[in-house]
Amino acid sequence: MEDFLSLSGRVVLVTGAGQGVGRAVALHCAKQGAALVVNDFHEERAKAVAAEIESGGGTALPIQCDVTRFDAVMEMTSRASAELGAIDVLVNNAGNAGPAEDPMAPAPPFWETGPEDWEPWVGTNFFGVLNASRAVLPGMVDRKYGRIITVISDAGRIGEPNLVVYGGAKAGAAGFSRGLAKSVGRYGITVNCVALSGIKTPGVATALENPDVANKALRAYVIRRFGEPDDPARLVVFLASSAGEWITGQTYPVNGGYAVSA
């Protein structure tokens, strides 16, 4: 029987893959036979995940790159293609405020902020998606094959009062993905989004160590647990594989029922 989830022979680029969801996506794709381009702003994180993959018998190339810089992204994809082959799957995972020291720090009200406060959120979550997609698409169009999967947030689907710029950037990425899906479908390229709520990534896990905070937050979830990085990673693999070849222009929530009507 055909293994519909196999990624054997594919090259997968995961941005922000040094920890959390990105790391889980990279590890799951490697288990399915893909060669991984492991990107992160922090080089040591990218190297650590690449070493994990290689220790399991997989192939991985760690590349440090700031996805908000178009020239750097172009250099990254050029190097990756030269060393591993053309990129078949792009997972736009880099998010939050980029390399901010404390991405979970309380944000002031929007009306007390300015462009310098918005730039990290918009740069990483919107322009980072545009940059990476632009870098890989010419090759995908030429080969008439490709998968682009962007990790967004329920903040961009239903809104969050303390994450308005972040939510706006994620919503922008989702809208971009829907339009792009219609533009490139004729070339055999699919474009989808995976929307997340509370996933126990390093920054979130620290905040949830306070039981009062955790219990209050869990009231909003139908399934009374927070997500693990493996939860969205499995869906990403599905969309990247042949199992998802007739799915495009969609946003799939992986959120434990946080929002069931949006």
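Select Thr124 together with its surroundings in this predicted model: neighbours within four places in sequence left aside, Thr124 is in contact with Val67, Thr68, Ala94, Gly95, Asn96, Ala97, Gly98 and Val129. The residue belongs to helix H4, which runs over residues 115–143, and Thr124 counts as buried because its relative accessible area is 6%, under the 20% cut-off. Now display the backbone of Pro120, whose oxygen is reached by the side chain of Thr124 at 3.1 Å.

Next, select Ile189, which is found in strand S6, residues 189–196. Its relative accessibility is 1%, so Ile189 is buried. If you again leave aside the neighbours within four places in sequence, the contacts of Ile189 are Leu137, Met140, Val141, Tyr145, Gly146, Val184 and Thr248.

Finally, move to helix H2, residues 43–55, where the 13 residues should span 18 Å at 1.5 Å a residue, which agrees with the 18 Å between the end C-alpha atoms. Which residues of H2 are buried? Colour Ala46, Val49, Ala50 and Ile53, which are the buried ones; viewed down the helix axis, the buried residues of H2 fall within an arc of 100°, so they line one face. Helix H1 (20–31), strand S2 (35–40) and strand S3 (59–64) are included in what covers these buried residues, whereas the face of H2 turned away from the buried side carries the exposed residues Glu44 and Ser55. Following H2 you will find Gly57, with a positive phi near 95°.

How values were computed: Residues numbered from 1 in each chain as written. Predicted model: local features only at pLDDT ≥ 70, side-chain atom pairs only at ≥ 80, totals over all residues. Heavy atoms only, no water. Helix = DSSP H or I, 4+ residues; strand = E, 2+ residues; numbered from the N terminus. Buried < 20%, exposed > 50% of the residue type's maximum accessible area, 1.4 Å probe, protein only. Contact = heavy atoms within 4.5 Å. Polar contact = N/O pair within 3.5 Å; in protein donor to acceptor, adjacent residues only side chain to side chain. Expected span 1.5 Å × (residues − 1). Arc of directions from axis to C-beta.
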